[in-house]
Amino acid sequence: MAVTISQVFFEHHRVALGIGEASPRISWRYEGTASNWSQSGYSVEISKQDQDDPLLFHANSSSSVLVPWPTVSLTSAESATIRVRAYGEDDQPDTPWSDPVSIETGLFAEDDWMGAQMISADKQTERNAPHQPLLFRKEFSVASEVEKARLYITAYGIYQASLNGEVVGDAVLAPGWQSYHNRLVYDTYDVTDLLLTGENAFGIHVGEGWYSGRLGYGSGARNIYGDTPGTMALLVITLTNGTQIVRTDETWDSSTGAIITSEIYNGEVYDSRLEQTGWTSTGFQASDAARWIGVKQLDSPFAQLAAPDGPPISRIEEVKLKEIITSPSGKTILDFGQNLVGWLRLRVSGPSGSNITLVHAEVLEDGEIATGPLRSARQTDRITLSGDGVQTWEPTFTYHGFRYATVDGWPDDTPLDEDTITAIVIHTDMEPTGFFECSDPLINKLHSNVLWSMKGNFMSVPTDCPQRDERLGWTGDAHAFSPTANFLYDTAGFWRGWLKDFRSEQVDGVPPLVVPAVPASGGPEATAVWGDAIVVNPWNTYLSSGDLEALREQYVGAKAWIDTGILRSDSGLWDQSSSQLGDWLDPLAPPNDAGRATTSSHYVADAYLIYVTGIVAQMASELGLEEDQSHYEEWAEELKVTFRDTWVNSDGTVANETQTGLALPLYFDLFEDDDQAQAAASRLRRIIENNDYLVGTGFAGTHLLGLTLTKYNLTDTFYQMLLQTEVPSWLYQVVMGGTTTWERWDSMLPDGSLNTGSMTSFNHYSVGSVANWMYQVVGGLAPADPGWKTVKVNVIPGGNFTYAKASYLSPQGKISTEWEVDEAGFHLHLDVPPNAFADVTLPGSGETQRVGSGSYDFSDAEFRL
């Protein structure tokens, strides 16, 4: 019967160091098996260094998610330690105090940076060429014992900081990619243990990254945000007898080192013979060949500086070499068995001047590495060895999407095996929250593939792909995938940061197609589905996190899109001359015309327009804006009538009787009455049957197809679709050896050749949106209200599945289902965390019962598949 608080956290931070909120909201998750345990109140204890006694606050409330900060706001760089305990209702047990959790704010104002400036090397910057990464260093003395030290740092580019020869923190490619003209993240590190009494050395390595590197397909564009990489840092050292600061200013020195170039798309060129050994340590003596110069000040971005909302990109795991292949042409190819995102780490020795070349790609074609899908991206690392014994090398300012890599020039001195070359996996370090498993191994592999595609593309922003000359934050892809993402990981902080950029890039209500925007994709363009993400993604995030304030932040942008952003005809629907991407990558679209779908793009746009208008009404309702709610509800109803007049025939058929053409009005409730809707659902089922249960949808329809069929009691039809292995289907990619989800249903053709289209990625998460259906229908889990205070449990068995289990680490705690069907019927085990409820509907019963926390077993002896 014990109930404990398993985790206390603030806002959506995994680690609450250097946060940007002065009054951070507090949440806690529960563990325990107590039946029907509900919270009646809670206490928060706050301890500060300058207080003799802790402050204690009590509230009579059942809320445990994002509760208000109970006292005066924290000031800049102020820390506190918090404990929480909760009280059960009536005679239910109380929890013990949680473990203490530390919190510390970042820097709130320009003055808090104490004169730190953005600096760069005092030299002419490169023009129309890659920027060579820069080294910045400064030595300083610490006169007494260090009690505490904090480093606040950012860059025009991406940085790696070091103190006394030790790399600071676990983040890579920091501070990530933001809409730098509007928001530039700075990071905060606890560096207390890296400082010494006496002499110290501070080094910062800066690459061009997204700030001034090439971005966008084709030739792309360089220097989108600025043409001069630089860094800005403040080191605040608390001593036993005072405070000392070290800041970036004109007293620093700069140089270049062994990295010749390091580009996001093209990879890294590294000459070990140019290493400046010890440059981040004290006593460094530059060689005669090295050239150290002064620095210059750049315009400092105080107006744009922001603490992070979500976690950084980090090294997450390592993948061992699986196989070494010799290609028909004699090339040495490394196979890691998993399409992943990151880079290779080498441990190698060889003669000075030896050159090793690594070319990374996702697939093989005719036994050779396939670089065609990379387009103009090279994904090539070149390393020149120093000859000074065993070197451990990995790139610093680039990343690659790959399963395979060719190796050329590997020295005879070192065996090429799993001990000398390892794949490093990187992505935004979000907390895993979802688990799924069932009796069908192909479906389990599909789930794994979906997960790996999310990992590879949640790279500070939600990118479309991680390998070619693109890697952009396409909003339509994020729209389709967000419900699945919200099951797999705690994405609340990730989305909050990206959505701030989404909103800031709007012009007259119109957002760009990619966020952050790049010239290659054009400026803001009013396009349905992609633009609609500014409504749908905040709403989906709210449903999973329960964060009303984050929803409030985005309401203005969502409203602006509906009010002024959409190009409307006199009818109120989309202007038929507007540019639309529609049901992008419909499986029948030609390889080089991805937008030529079987469903009219303006039909798709108009259907989505009504859907998102209704969501804005729901936003207004949640925010207590009654006039807005009524306005958008009425507008949505008016648009439904206009949609039917425009696109629905008198017999109830629609202009495009396709899978997408029927799924959208069915899911969005656009038909006049239930008879029309049921007839349309029957026609959709027949279309799917006549297509041998193969997929007929693109980006606009795929993520809603399964949910639509389940809504109209056609779940068995979707199970049959899900289990197909011919192209186009989800499992086709699995049986063809895919380890991630693909951009096209047929990125690889049945004969093993590659689709000839210019967009042929093997790591795209959009079609993985089906996992949302898997969690909701097979796993039976969905939020019944925002934030999962109440869970909807509605398992619908089908297909050939004899068992399945799913779990979700919700804001309340872990919720899990496990079911099986055997000769004795249907059996379900359910775990509900303390202070939560579940509305349980058993298969075929049509009846729902509410239960509180605890473990439950349900059975139906009559049920059969």
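Predicted model: local features only at pLDDT ≥ 70, side-chain atom pairs only at ≥ 80, totals over all residues.
Local features need pLDDT of at least 70 and side-chain atom pairs count only at pLDDT 80 or more, while totals for chains, interfaces and linings use all residues. Residues are numbered from 1 along each chain as its sequence is written, and side-chain values use heavy atoms, without hydrogens and water.

User: Which element supplies the largest share of the lining of the largest pocket?
Analyst: A pocket is an open set of points on a 1 Å grid over the protein atoms alone, with protein on both sides within 12 Å along at least five of seven lines; lining residues have an atom within 4 Å of a point. The largest pocket has a volume of about 1,200 Å³, the space filled by probe spheres set on points joined across faces, edges and corners. Of its 41 lining residues, L543, Y611, Y667, L707 and Q776 are closest to the centre. Helices are DSSP runs of H or I, at least four residues, and strands runs of E, at least two, numbered from the N terminus; the largest share, 6 residues, comes from α7.

User: Which element gives the most to the lining of the second largest pocket?
Analyst: This pocket holds about 900 Å³ of space. Its lining has 35 residues, with Q160, H205, Y270, W279 and T396 nearest the centre. Elements giving two or more residues are β11 (158-163), β25 (332-348) and β30 (391-393). With 5 residues, the most comes from β11.

User: What is the volume of the largest cavity?
Analyst: A cavity is a set of grid points where a 1.4 Å probe fits but cannot get out. The structure holds 9 cavities of 30 Å³ or more. In the largest, 23 residues form the lining, and P175, Q178, G310, P311 and S460 lie nearest its centre. Its volume is about 260 Å³.

User: Which residue in β41 is the bridge partner of K792?
Analyst: Strand β37 (residues 790-793) runs parallel to strand β41 (residues 837-841). The two are joined by 4 bridges. In β41, K792 is partnered by D839.

Notes. Pairing = 2+ DSSP bridges.
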